[in-house]
Amino acid sequence: MLCVSGVDVIVAASDLQSAQQAAEQIGRGVRAADVEDAIAKADLVVFATWFDTTKQLITDNSEALAGKIVADTSNNIAPDGDGYKSLN
């Protein structure tokens, strides 16, 4: 984990309370912020969200993301009633 190596880590979620809960569970100095604040403070932004959510976050925050390193760890999948299917 980055936070073990002394990297300043901020987590965000669709609501601040969820981000705070995640930060508390991770510990090690990880902080919570709303999405806009987390992006503003970051040099590196890692999206660990559903693919459609990632696309929307990039659209909504394109100006704030300019000049930053952006990592997208999402998979283009969706629930299909029996599990998940690829949307590729």
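Reader: What share of the contacts in the chain with a separation of 6 or more comes from residues 24 or more positions apart, and what makes a pair of residues count as being in contact?

Author: Residues 24 or more positions apart supply 34% of those contacts, where contact means heavy atoms within 4.5 Å. This is a predicted model, in which local features need pLDDT of at least 70 and side-chain atom pairs count only at pLDDT 80 or more, while totals for chains, interfaces and linings use all residues. Residues are numbered from 1 along each chain as its sequence is written, and side-chain values use heavy atoms, with hydrogens and water left out.

Reader: How many helices and strands are there in the chain, and what makes a run count as one or the other?

Author: The chain has four helices and six strands, in the order β-α-β-α-β-α-α-β-β-β along the sequence. Helix α3, for instance, spans residues 51-60 and contains Thr54.

Reader: Is Thr54 called buried or exposed, and why?

Author: Thr54 is called buried because its relative accessible area is 2%, and the term means under 20%, with exposed meaning over 50% and partly exposed in between (1.4 Å probe, protein chains only). Leaving aside neighbours within four places in sequence, Thr54 is in contact with Phe47, Thr49, Asp72 and Ser74. Across the chain, buried residues make up 23% of the 88 residues.

Reader: Why is Val7 called partly exposed, and what makes a group of residues a patch?

Author: Val7, in the segment before β1 (10-11), is called partly exposed because its relative accessible area is 40%. Val7 belongs to a nonpolar surface patch with Leu2, Leu44, Val46 and Ile69, and together they have about 450 Å² of accessible area, as given by the Shrake-Rupley method with a 1.4 Å probe and, for residues, only the protein chains shown as cover.

Reader: Which residues are in contact with Val9, once its neighbours within four places in sequence are left aside?

Author: Val9, which is also found in the segment before β1, is in contact with Leu2, Cys3, Gly29, Val30 and Arg31 on that basis.

Notes: Patch = residues over 30% accessible without salt bridge, like charges linked within 9 Å, V, L, I, M, F, W, Y side chains within 5 Å. Salt bridge = Lys/Arg side-chain N within 4 Å of Asp/Glu carboxyl O. Helix = DSSP H or I, 4+ residues; strand = E, 2+ residues; numbered from the N terminus.
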